[in-house]
Amino acid sequence: MKILIVDDDRMICAGTVRRIVNMRFPEIEAVEAAYSGEEALEMIRRQPFDAMFTDIRMAEIDGLRLIREARELNPYMICVVITAFDRFQYAQQALRLGVEDFLVKPLSEQSMRIHVRAVIDKHASRMQDKASRLELEICAQMLSGERSVTECFEHNGFAPPEGDVAMVVWHEDSAAPAAALDGLWLWRPKKRKFLLVGGQGDAARQKIASAIHRSGVYAGVSAPGRNLKQLTEQAGQALNFTWLQTEPGASFWSPQDLRGLSALRARVLAEVRALNADGVRVLLDNSLQYLDASRRAFARALIESVFSELTEVRASMGMEAGAPHAFPPGEGLSAAIRAAAAEIRAVQEMSANPNRLHPVAYAKRYVQNHLYEPIDMTALANRLNLSYAYFSRIFREQAGVTFTKYLVTLRMREVCRLLLAGEKVVDIAEKLSYHSAANLTRSFTREFGMSPSRWLELHAGETVAEED
C-alpha cells in the first residue's frame, strides 16, 4: 500500500514519514509527503494512494476540505486526521466525512505504530472486499458487456490496466496456467477458468503463447480489447479450436476465423447438404492437410462451418440437434476430418431409419419423397409401429393440419408446378395417381376455388415455392 502524509509544517511532515518508514511494515510500499492541501490533491490526481494522514489547520485548503475532495477522487482511500487541535467540532466534521481515526499530537512511537497497524489491517480488509466486488462485476460484464475493463477496475477502486487486455480460457481438465503467466497478470479470479493478461503487440502475444506452452495446457486467447463480453466470446471460440493442435499451447482468435471462406467453403458445404461423407473428407483432406500456421485460422473456420451446417441439416430433417462437438484438445486436423465424415454418415443413417426420426418428421419426408405414389395413412402408421388413431392425433397436433390435408396440399402444389411447366391435366392426373382428369379437376377446384385452366391463366409465368 501507498501512504501520503500531509502537513504544512515541513519538519513534522518529514518526521512522520520517517517514523512510518522506520516501522518497516512489509505491507507498506511507499510513504510520501505533501506540504499543503493543494500539493496533496495534485499528487492524488497523479497516482493512487491507499491511505492519507493529514493535519487539519493548513492554509488555503484545510484538512477537512482536503479529505472531502480527495474522497471524490478516490472514495476507497483511508483517511486519518493527526492534529494538535482536539476541538469537538473538528472531530464531528471528520467523522461525518468518514475519517478512520482522529489522532491528537503528540503521539508516542508505540501509539503511532498501533494506529498505522490498524490502517494496514483496514486496507487489507477493504482490498479483499474490493477484489470480490471486482470479480463479481467482471463476471457480470462477461455476460452483458455494458462496462469496459477500465470502468470495472475504476468503479471498484483499482488502478485500471494500461492498454488493452486479452482473456485466456483453458480446458476444465487442465491445470491453471497461473504460474507460467506470472508477470503478465492484470487480475486473476480465485475460482474461475479464465485470466486477464496484457495483450497488446506481437511481443505480448509471444509471451502469452510461450507461457501457456510451458504450462502444458490447451488454452484459447481473445484478441486484445476492452469489452469483456466480446473478449469472453472470442476466447471461447479460440478454445474450441484447440483440437486442431497436436501439442499443448495457445489458440489465438482472429477476425479471419469468422470471414467467408471462398469457393472451397461453398463446395464443402454443398457436399455436407448432400450428405456425401466421402466427398467432404476428400475435400478437407486434400485442401487442409498441409496448411501452415498462418492459414490455420482458415482451417478452424472451415471445420467449424461443417458442423454448423450439419446442425442445420439435422434441423431441416426434423432430427434432434445432437450433442455439441467438443473435441478433445490435441486431436489435430485429421481427427476433425474423420469426425466430420462420421457425423455425416450418422445423419444419413438417421434419415433412412424411421425409428431415429420423430414420427411426424419422418411422415413429412416420406410424403415429399413418394408424392407420385399411392400413399395410405394406415400403411404409414404401421411402418412407424404406431396405431392409426395415435399417428393421426400427433400429426394434427404438430403439423397443424390433418395428414390428409397435408398430403392434398403438397399434391396440389405439385399440380401447380407441373401446370406452369406446360404439362396437361390428363398427364398430371396419371402421374399423381388420380383415377382421371375429372377427379383431379374436382380436387383442384375444392382447393383453389377455380379450375386448373383458370388458375393457369391467372398465374402464368410464376414459380411455386418448395415445401420446407
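In α16, the buried residues are Phe-403, Tyr-406, Leu-407, Leu-410, Arg-411, Met-412, Glu-414, Val-415, Cys-416, Leu-418 and Leu-419. The model examined here is a predicted one. Helix α16 covers residues 403–420, which makes 18 residues in total. From its first C-alpha to its last, α16 reaches 26 Å, close to the 26 Å expected at 1.5 Å a residue. What do the buried residues of α16 pack against? Their partners are α13 (359–369), α14 (377–383), α15 (388–399), α17 (425–431), α18 (437–448) and α19 (452–459). After α16 comes Gly-422, and its phi is positive, near 100°.

Strand β3 takes the story to another part of the chain. Thr-54 sits in this strand.

Asp-62 belongs to the loop between β3 (51–54) and α3 (63–73). With a relative accessibility of 30%, Asp-62 counts as partly exposed, since that value falls between the limits of 20% and 50%. A polar atom of the Asp-62 side chain lies 3.3 Å from the backbone nitrogen of Leu-64. Asp-62 can also be placed relative to Asp-7: the two are 55 residues apart along the chain, and their C-alpha atoms are separated by 9.8 Å.

How values were computed: Residues are numbered from 1 along each chain as its sequence is written. This is a predicted model: local features need pLDDT of at least 70, side-chain atom pairs count only at pLDDT 80 or more; totals for chains, interfaces and linings use all residues. Side-chain values use heavy atoms; hydrogens and water are left out. Helices (H or I, at least four residues) and strands (E, at least two) are DSSP runs, numbered from the N terminus. The expected span of a helix is 1.5 Å times one less than its number of residues. Buried means under 20% relative accessible area, exposed over 50%, partly exposed in between (1.4 Å probe, protein chains only). Contact means heavy atoms within 4.5 Å. A polar contact is a pair of N or O atoms within 3.5 Å; within protein, one must be able to donate a hydrogen and the other to accept it, and residues adjacent in sequence count only if both atoms are side-chain atoms.
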